[in-house]
Amino acid sequence: MQKVKKLPQRQCVGCREMKEKRELIRVVRSPQGEISLDFKGKKPGRGAYLCPDAECLRRARKSRALERALETTITPELYDELEKGMVNGG
Ligand SMILES: [Zn+2]
(Lines give C-alpha, C1' and ligand atoms only; values in the text may rest on other atoms or scores of the structure.)
Protein backbone atom coordinates (compact mmCIF):
# COMPACT_ATOMS: atom_id res chain seq x y z
CA MET A 1 0.00 0.00 0.00
CA GLN A 2 3.06 2.27 -0.21
CA LYS A 3 2.88 2.83 -3.95
CA VAL A 4 2.81 6.47 -4.88
CA LYS A 5 0.37 7.35 -7.61
CA LYS A 6 -0.52 10.67 -9.03
CA LEU A 7 -4.23 10.05 -9.07
CA PRO A 8 -6.01 9.29 -5.83
CA GLN A 9 -7.27 5.74 -5.63
CA ARG A 10 -10.06 4.29 -3.59
CA GLN A 11 -11.28 0.80 -2.97
CA CYS A 12 -14.70 -0.24 -4.20
CA VAL A 13 -16.57 -1.75 -1.27
CA GLY A 14 -18.27 -4.14 -3.71
CA CYS A 15 -15.50 -5.83 -5.70
CA ARG A 16 -12.65 -4.57 -3.45
CA GLU A 17 -10.62 -3.39 -6.40
CA MET A 18 -8.60 -0.23 -6.19
CA LYS A 19 -9.67 2.27 -8.80
CA GLU A 20 -9.20 5.90 -9.56
CA LYS A 21 -11.42 7.97 -7.37
CA ARG A 22 -13.00 9.70 -10.33
CA GLU A 23 -14.12 6.38 -11.78
CA LEU A 24 -16.04 5.50 -8.66
CA ILE A 25 -19.30 6.68 -7.21
CA ARG A 26 -19.14 8.02 -3.71
CA VAL A 27 -21.87 6.99 -1.32
CA VAL A 28 -22.05 9.45 1.49
CA ARG A 29 -23.61 9.51 4.92
CA SER A 30 -24.35 13.10 5.80
CA PRO A 31 -23.78 14.47 9.30
CA GLN A 32 -27.58 14.15 9.64
CA GLY A 33 -27.33 10.45 8.86
CA GLU A 34 -28.82 10.53 5.40
CA ILE A 35 -27.37 8.21 2.77
CA SER A 36 -27.09 9.44 -0.78
CA LEU A 37 -25.04 9.08 -3.93
CA ASP A 38 -22.47 11.77 -4.44
CA PHE A 39 -21.52 11.91 -8.09
CA LYS A 40 -19.34 14.98 -7.66
CA GLY A 41 -17.52 13.80 -4.56
CA LYS A 42 -18.22 17.00 -2.74
CA LYS A 43 -20.91 16.23 -0.21
CA PRO A 44 -19.90 16.45 3.42
CA GLY A 45 -19.94 13.35 5.56
CA ARG A 46 -18.51 9.89 5.71
CA GLY A 47 -18.03 8.29 2.32
CA ALA A 48 -17.57 4.91 0.72
CA TYR A 49 -16.80 4.16 -2.89
CA LEU A 50 -18.43 1.89 -5.44
CA CYS A 51 -17.88 1.19 -9.12
CA PRO A 52 -20.69 2.64 -11.23
CA ASP A 53 -22.04 -0.86 -11.49
CA ALA A 54 -25.17 -2.23 -9.85
CA GLU A 55 -23.36 -5.53 -9.40
CA CYS A 56 -20.85 -3.93 -7.03
CA LEU A 57 -23.68 -2.39 -5.07
CA ARG A 58 -25.32 -5.80 -4.78
CA ARG A 59 -22.08 -7.32 -3.57
CA ALA A 60 -21.60 -4.57 -1.02
CA ARG A 61 -25.17 -5.14 0.07
CA LYS A 62 -24.66 -8.87 0.49
CA SER A 63 -21.43 -8.55 2.42
CA ARG A 64 -22.69 -5.50 4.35
CA ALA A 65 -19.43 -3.81 3.41
CA LEU A 66 -21.21 -0.58 2.63
CA GLU A 67 -22.90 -0.51 6.02
CA ARG A 68 -19.59 -1.20 7.71
CA ALA A 69 -17.83 1.52 5.75
CA LEU A 70 -20.50 4.07 6.55
CA GLU A 71 -21.07 2.79 10.07
CA THR A 72 -24.81 2.74 9.64
CA THR A 73 -27.70 0.45 8.79
CA ILE A 74 -29.06 0.55 5.27
CA THR A 75 -32.63 -0.57 4.67
CA PRO A 76 -33.64 -2.63 1.62
CA GLU A 77 -35.63 0.38 0.40
CA LEU A 78 -32.56 2.54 0.59
CA TYR A 79 -30.48 -0.02 -1.28
CA ASP A 80 -33.10 -0.09 -4.01
CA GLU A 81 -33.00 3.68 -4.18
CA LEU A 82 -29.22 3.70 -4.40
CA GLU A 83 -29.33 1.12 -7.17
CA LYS A 84 -31.84 3.19 -9.10
CA GLY A 85 -29.80 6.31 -8.61
CA MET A 86 -26.72 4.52 -9.80
CA VAL A 87 -28.38 3.29 -12.97
CA ASN A 88 -29.95 6.65 -13.73
CA GLY A 89 -27.13 8.88 -12.65
CA GLY A 90 -24.15 6.98 -14.00
ZN1 LIG B 1 -16.52 -2.55 -7.81
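Predicted model: local features only at pLDDT ≥ 70, side-chain atom pairs only at ≥ 80, totals over all residues.

Modeller: In it, Cys51 has 5% relative accessibility, so Cys51 counts as buried. Its SG atom is a protein donor of the zinc ion. The other protein donors are the SG atoms of Cys12, Cys15 and Cys56. They lie 2.3 Å from the zinc ion.

How are the four donor atoms arranged around the zinc ion? They subtend angles of 105 to 114 degrees, which makes the arrangement tetrahedral.

Now follow the chain. The donors have the spacing C-x2-C-x35-C-x4-C. Cys12 sits in the loop between β1 (9–11) and β2 (18–20), while Cys51 sits in the loop between β5 (46–50) and α1 (54–63). The pair therefore ties together parts that are 39 residues apart in sequence.

Cys12 has 0% relative accessibility, so Cys12 counts as buried. Cys56 is at 6% and therefore buried. Cys15 is at 16% relative accessibility; the cut-off for buried is under 20%, so Cys15 also counts as buried. As for disulfides, the structure holds zero.

Next, helix α3, residues 76–89. Its 14 residues should span 20 Å at 1.5 Å a residue. The end C-alpha atoms are 19 Å apart, which agrees. Leu78, Tyr79, Leu82, Glu83 and Met86 are buried in α3. Seen down the axis of α3, the buried residues fall within an arc of 140 degrees, so they line one face of the helix. An α-helix has 3.6 residues a turn, so residues three or four places apart point the same way.

What covers the buried residues of α3? The cover includes β3 (25–29), β4 (35–38), β5, α1 and α2 (65–70).

Finally, look at the loops on either side of α2. Arg64 lies in the loop between α1 and α2. Arg64 is not a glycine, yet its phi is positive, about 65 degrees. At 49% relative accessibility, Arg64 counts as partly exposed. Glu71 is in the loop between α2 and α3. Glu71 is not a glycine either, and has a positive phi of about 55 degrees. At 52% relative accessibility, Glu71 counts as exposed. The cut-off for exposed is over 50%.

Notes:
Residues numbered from 1 in each chain as written. Heavy atoms only, no water. Donors = N, O, S within 2.8 Å, 3.2 Å for Na, K, Ca; no water. Tetrahedral: all angles 85-135°; square planar, octahedral: opposite > 155°, others 65-115°. Helix = DSSP H or I, 4+ residues; strand = E, 2+ residues; numbered from the N terminus. Buried < 20%, exposed > 50% of the residue type's maximum accessible area, 1.4 Å probe, protein only. Disulfide = S-S within 2.5 Å. Expected span 1.5 Å × (residues − 1). Arc of directions from axis to C-beta. Contact = heavy atoms within 4.5 Å.
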